[in-house]
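Keep the sequence and the structure in view while reading.

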Amino acid sequence: MSRVVYLHIGAPKTGTTYLQDRLMLNQASLAEHGVTIPTKNRFVDADLFHFRAALDLLDQDWGGSPGHAVGSWDTMVKRVRKARGTVVISHEILAPAKPDTIARVMNDLSDSEVHVVYSARDLGRQLPAAWQESIKQGRKWTFQRFLNKVERGQTWFRSAMDLPSVLGNWGAKLPPERVHVVTVPHDRGPTGNELWFRFCRAFGIDPAWAPLDSERSNRSLGIAETQLVRRLNRRLELPMWRDATYDGLIRELLAQEVLVARDSFPVRLPPDRFDFAEAQAEQWIDWIKDNGVDVIGDVEDLRPIRPNPDKKWRDPDRVSPKLQLGAALDALTTMTREAAERTPPDDLGRKLRQQARRLRER
């Protein structure tokens with residue numbers, strides 16, 4: 001077969017932002033070595049195209065204007081069928097896809113040799129990262145409520161992070177040698193690029209083919225910053241969290257550019273939740289060994305590392321007013337400057353007066 005398609009399906013918070021940006025930056029050089037990163041056209045970035053294709057495939061519509069993803073999966077399939085050699089498709093929202101959706105993918109790509117790549121991270125690190133990511137996406141729940149729902153299997157994140165369930169579905173019709181698990185290392189290695197090297201091995205890419213490094217990363221917020229955004233979400237109307245305006249202003253500008261740069265206490269898994277995380281790791285490792293899938297890295301990376309018992313754990317749901325105030329002032333400064341740059345003075349004054357009236361009416 002002249003075409004091999006690697007479907008990287010997640011999981012979220014496993015270095016996917018860095019991976020997708022580095023693949024996009026090196027599209028041209030990868031193409032010279034027979035590796036295609038499909039895109040719609042030169043006006044649409046590859047990572048945005050892959051996001052829209054995943055949305056369309058999953059019949060979802062958020063992160064843009066209504067209907068912005070319609071037809072993107074069919075366009076993706078057309079691009080794949082024009083390619084030869086290696087093709088890489090990557091987006092983390094694909095992980096919890098249902099069997100009927102996966103069947104459509106396999107049917108649409110039946111003229112290719114399909115491989116599934118899944119990157120997995122220990123829950124000691126992934127759960128705190130997933131909670132603050134959900135807050136950046138507009139959710140309002142406390143860390144404790146989020147963890148309770150994860151343990152009961154009631155969240156999208158649990159569906160996307162449950163390795164046996166995800167790979168049981170995606171790998172159901174594939175031989176185990178075409179199912180690849182990339183483990184996220186506990187440390188970045190001597191060069192700081194260990195995870196990237198593992199992704200390259202999974203895709204059959206020589207790292208030298210992608211020399212341009214990415215400066216993008218989806219870094220996590222600290223406890224004060226996450227609490228600030230959570231409280232802000234509670235003040236906003238519910239539909240806002242799926243709106244492109246929220247993505248651009250709150251998630252990208254405020255959270256991912258301003259608040260993430262502050263020096264803050266990180267979100268850590270509560271000590272009493274490590275029993276759950278360790279039990280999940282044991283189940284994942286047993287599943288991997290029993291099913292014989294390809295592992296890039298070390299399955300021991302999937303075991304969480306318990307914190308030093310003498311180290312104080314800081315509750316993200318109980319952040320001191322002083323810490324929140326510092327984050328709030330930085331946020332207010334940024335949002336004021338942004339409003340002043342985007343809005344004529346007369347309109348800005350009018351909008352501020354309208355907002356003041358709404359606050360008085362609460």
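Contact here means heavy atoms within 4.5 Å. This is a predicted model: local features need pLDDT of at least 70, side-chain atom pairs count only at pLDDT 80 or more, and totals for chains, interfaces and linings use all residues. Residues are numbered from 1 along each chain as its sequence is written, and side-chain values use heavy atoms, with hydrogens and water left out.

Two more terms come up throughout. Helices (H or I, at least four residues) and strands (E, at least two) are DSSP runs, numbered from the N terminus. Buried means under 20% relative accessible area, exposed means over 50%, and partly exposed lies in between (1.4 Å probe, protein chains only).

**The sheet**

- Two strands pair if DSSP finds at least two bridges between them.
- Six strands form an open sheet in the order S2-S3-S1-S4-S5-S6, with parallel pairing.
- Strand S2 (35-36) and S6 are the edge strands, and each pairs on one side only.
- Strand S1 (residues 3-8) runs parallel to strand S3 (residues 85-90), with six bridges. Leu-7 stands opposite Ile-89 in S3.
- Strand S4 (residues 113-120) and S5 also pair in the parallel sense, over five bridges. Val-117 stands opposite His-180 in S5.
- S5 and S6 are parallel too, joined by three bridges. Ile-296 in S6 is the bridge partner of Val-182.

**Strand S5**

- Why is S5 described as largely enclosed by the rest of the structure? Five of its five residues are buried, so S5 is largely enclosed.
- In a regular strand, side chains alternate between the two faces of the sheet.
- In S5, Val-179, Val-181 and Thr-183 point one way. His-180 and Val-182 point the other way, and all are buried.

**Helix H13**

- H13 has 18 residues and reaches 26 Å from first C-alpha to last. That is close to the 26 Å expected at 1.5 Å a residue. The expected span is 1.5 Å times one less than the number of residues.
- The buried residues of H13 include Phe-274, Ala-277, Trp-284, Trp-287 and Ile-288.
- The buried residues of H13 pack against several elements, among them helix H6 (123-136), helix H7 (143-151), helix H9 (163-170) and strand S5 (179-183).

**Helix H3**

- The 12 residues of helix H3 (residues 46-57) should span 16 Å at 1.5 Å a residue. The end C-alpha atoms of H3 are 16 Å apart, which agrees.
- 10 of the 12 residues of H3 are buried, so H3 is largely enclosed by the rest of the structure.
- Covering the buried residues of H3 are elements including helix H1 (16-25), helix H4 (72-82) and S3.
- Just after H3, Asp-59 takes a positive phi of about 60 degrees.

**Nonpolar cores**

- A nonpolar core is a set of buried Ala, Val, Leu, Ile, Met, Phe, Trp, Tyr and Cys residues joined through side-chain atoms within 4.5 Å.
- The largest core has 78 residues, and those with the most contacts inside it are Phe-146, Leu-167 and Trp-170.
- Helix H13 (residues 274-291) gives the largest share of this core, seven residues.
- A second, separate core of 23 residues includes Leu-23, Val-88, Val-182 and Val-184.
- Leu-167 touches Ile-9, Val-116, Tyr-118, Ala-172, Val-179, Val-181 and Trp-287, not counting residues up to four places away in sequence.

**Aromatic pairs**

- Rings of Phe, Tyr and Trp (its six-membered ring) pair if their centres lie within 6.5 Å. Planes under 30 degrees apart count as stacked, over 60 as edge-to-face and the rest as tilted.
- By this rule the count comes to seven aromatic pairs.
- Tyr-6 and Phe-203 are edge-to-face, at 5.9 Å centre to centre and 70 degrees between the planes.
- This pair links distant parts of the chain: Tyr-6 is in strand S1 and Phe-203 in helix H10 (residues 194-203), 197 residues apart.
- Trp-131 and Phe-143 form a tilted pair, at 4.8 Å centre to centre and 35 degrees between the planes.
- Ring pairs also link Trp-141, Phe-146, Trp-156 and Phe-157 into a cluster.
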